[in-house]
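Please find below my notes on the overall build of this chain, followed by a few remarks on one residue.

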Amino acid sequence: MPSLFRFRTLACVTLLTLPACVFRLADRNSPEVNGGVTGAPADCSVVKPLPGGAPGGAAEPKFIGRYARPEETPGEVLFDWSGNYITVRFQGTSKVTAKLRLPGEVPQDQMFTFAVDDLSPVTRQITVKKDANGNPTLEPEENYVIDNLDPGRPHEVTIYKNTEAQKGSVIFKGFDLHGGTLLPPTRRPRRIEFIGDSIICGYGNEGKNATCPFEVKVRDVHGPDGKPVVDPVSGEPVTVTVPLTENQYLSFTSIAARELDADATTICWSGKGVYKNYKERYLIQGGQFVRDSAGNRVIDPEALVTVPQLWNERTVANDEKGYKWDWSAEPAEDKPQVVFISLGTNDFSRDTKEPASDPKKLEGNNVPDGDMNDPAEREKFFQAYLTLVEQVREHRGPDAHIFIATPPMVTNQFPLDNARNNLRDVLLRIVREREAKGDEKVYQMDLVEQGFRYGLGCDYHPNLEVHRIMARQLVGAIRSKTCW
């Protein structure tokens, strides 16, 4: 029973929470055009770029991202990655209903963006139904109606998942067109894959300032009897919180993909790194740390899983045992021509000292451990990152363009002195290693240092303005190699 209420939390969602750290952020460096991307630009008078999107193929919904199809519920799909989206195109009706379900005994609310004909999107919070007394129940709301459409012309509706995988999964049960006719969706030959951490996820980007709350309580959990449900471990009422300021649809990666008329798959997870993650958590049972025969706390294996492992192994990010990612089953048309990676912030910011005395808290004291000051540790980081790039090359083929970026939160003042230079040196070394093996399609670029002048999002993450700047850099870098 205790496992019912042990919700998996964001690993290090409070990255960079000490104001003293922020005082050391750099403000002096302007964003480089195209991120200063390495390598010669393509000759667009010779290169024939892939065409943009157009309706085509079968008249059916289009799924972008990673999805599982449970055998016990044919016709339904399960997913949890932020950045996943589902599109339907139709005509002859003034409304469409998206049918979604939040699984689990205590459904975790999610945030989605509903976009109609690529016009102004409306973000809606998925909430559970209420009982006769107006109290939230354990039954999730399932039907979300988009109406006031012109039945005389075709429409395309897209559902984007903004909330990260840590907050739980979603089951998509289909679209109800209310008598309308299903049409072939827009197919985009241009494909991009994004691999990263909280920044690509859009963590806190809609926040008003650095200290705004990321997680916001949306409801208490009530049982069928209408009474509050109590966590058996802590004895406290169970609540559901939602990261209301996290908008992956407005992440720089999603903005860039739309500008480039490309479909994009996103693999991101806050607090995780290439070699080591930012925080760790230990196993808890009965409100106490689980200990081995020597009396040492037993670490939660999930706390050690890094982004490369997630990318390599999982269809459903938060399901380590069930739905494994099968590279051999990936359709050829889904393989991206561009892969963009932005990682390293959490490796350099790693904070696991001091050990947590309270089982409800993460390790650390909000001061980076300083591992990456050690050249030997940076060598291990380099090897892990190089391995990821080699795996991307293996799975994406010899013609894919691979961009590896210096993140916006890493400067030469934070999280460690000379951190930005050290991280950039690792990336440039990877480019040289690949060039030495004849691979000239791996590039390094610098995302803008966010500083103060653009403002800050929640927990000192990039805000919408910084995301717009990074999107311009990314669009320019990709166009310089692909002529899109």
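1. The C-alpha trace spans about 65 × 65 × 45 Å along its principal axes.

2. This is a predicted model, in which local features need pLDDT of at least 70 and side-chain atom pairs count only at pLDDT 80 or more, whereas totals for chains, interfaces and linings use all residues. Residues are numbered from 1 along each chain as its sequence is written, and side-chain values use heavy atoms, with hydrogens and water left out.

3. The chain has eight helices and 23 strands, these being DSSP runs numbered from the N terminus (helices H or I, at least four residues; strands E, at least two). Among contacts with a separation of 6 or more, 79% join residues 24 or more positions apart, where contact means heavy atoms within 4.5 Å.

4. Of the 484 residues, 56% count as buried, a term that means under 20% relative accessible area, with exposed over 50% and partly exposed in between (1.4 Å probe, protein chains only).

5. Asp-43 lies in the loop between α1 (19-22) and β1 (54-55) and is partly exposed, because its relative accessible area is 44%. The C-alpha atoms of Asp-43 and Cys-483 are separated by 8.0 Å, although the two residues are 440 residues apart along the chain.
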